[in-house]
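Dear colleague,

Please find the structure below, together with its sequence.

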Amino acid sequence: IMIRKDYFKIPEPIIGIDIGYDTLKVIQIRHGSNKHRLLAYNRIPIPPRSLQHYQNSKQVLVDSLKKALREAKPHRINSTYVISGLPEAKVFTTVLQVPPMTLKEMTEAIPIQATKYIPMPIENLNIDFQPLAPNWEGNIDVLVVAAPKTLVERYAEIFSSAELTLFALETKPIANSRSLLTKDDTEPILIVDIGAEGCGLTLFDNKIIRFTTSLPQGGNIFTKSIATQLGISEKEAEASKRKYGI
């Protein structure tokens with residue numbers, strides 16, 4: 001969706017930031033030639049649906065972000081370069097098939113093709129794409145991701161207000177694939193990402209996204225069910241779920 005051209009020249013450890021339904025998570029990693037090193041981490045609560053209620057929650061998000069960095073363990077995070085993920089439910093991800101063409105031709109053709117599958121005017125979207133591979137029909141599979149400009153601008157404003165430099169925004173299915181799939185995972189694999197209020201499903205084949213969707217149910221449903229079945233509060237049910245599972 002967005003990446004700066006000087007991405008590979010980041011002079012200090014990167015911060016990964018995830019703004020969820022009711023939690024904010026930060027992590028700092030130092031990249032190495034063979035492996036990456038975890039430097040610091042934090043997870044703090046935020047008001048539910050803070051991003052959806054942005055106009056009333058902007059300052060809360062900024063203050064929470066500063067606090068999360070300041071109180072990270074084992075030490076505070078002082079870096080300023082950020083990569084963050086966009087919520088799946090607000091992002092459109094699909095794989096299109098196009099005839100063989102140059103990258104320049106794709107730049108013109110993909111946004112037009114994408115409008116057939118995205119229920120928003122193209123002028124209101126940030127669209128990015130990545131050619132994957134030729135398919136058995138001789139066409140080229142292209143991964144297309146589109147996000148509302150207002151959502152992208154919202155993220156940029158939050159990080160700018162927290163005096164951070166946003167280097168890249170991407171979707172969680174792509175980040176999940178890098179974290180979970182290995183070079184040997186060539187068979188079809190379904191990644192299920194369960195959040196508090198939503199669940200993301202992404203189907204990979206030969207490490208290429210073939211299908212992705214999101215459902216408006218998440219971990220809170222399990223918590224409520226445990227609370228009902230055991231006759232306890234949702235706070236007690238959440239603690240029980242974390243300790244014993246479901």
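Which residues does Ile19 touch, not counting residues up to four places away in sequence? They are Leu24, Ile46, Leu51, Leu61, Tyr155 and Ile158, where a contact means heavy atoms within 4.5 Å.

Please note that this is a predicted model, in which local features need pLDDT of at least 70 and side-chain atom pairs count only at pLDDT 80 or more, while totals for chains, interfaces and linings use all residues. Residues are numbered from 1 along each chain as its sequence is written, and side-chain values use heavy atoms, with hydrogens and water left out.

Nonpolar cores

Ile19 belongs to the largest nonpolar core, which has 37 residues. A nonpolar core is a set of buried Ala, Val, Leu, Ile, Met, Phe, Trp, Tyr and Cys residues joined through side-chain atoms within 4.5 Å. Buried means under 20% relative accessible area, exposed over 50%, and partly exposed in between (1.4 Å probe, protein chains only). The members that touch the most others are Ile17, Ile19, Leu65, Ile158, Phe159 and Leu164. Among the elements that each supply at least two residues are strand 2 (14-19), helix 1 (54-70), strand 5 (81-86), helix 3 (149-161) and strand 9 (165-171). Helices (H or I, at least four residues) and strands (E, at least two) are DSSP runs, numbered from the N terminus. Helix 1 contributes the most to this core, with six residues. A second, separate core of 12 residues includes Met106, Ala114, Ile140 and Val142.

Glu170 is found in strand 9 and counts as buried because its relative accessibility is 19%. Beyond residues up to four places away in sequence, Glu170 touches Ser84, Gly85, Leu86, Ala175 and Arg178.

There are two aromatic pairs, counted where ring centres of Phe, Tyr and Trp (its six-membered ring) lie within 6.5 Å; planes under 30 degrees apart are stacked, over 60 edge-to-face and the rest tilted. The rings of Tyr81 and Phe167 have centres 4.9 Å apart and planes at 70°, so this pair is edge-to-face. Tyr81 lies in strand 5 and Phe167 in strand 9, so the pair ties together parts 86 residues apart in sequence. Both Tyr81 and Phe167 are buried.

Three strands form an open, antiparallel sheet in the order 6-8-7; two strands pair if DSSP finds at least two bridges between them. Strand 6 (92-98) and strand 7 (125-134) are the edge strands. Nine bridges join strand 7 to strand 8, and Asp128 stands opposite Val145 in strand 8.

With kind regards
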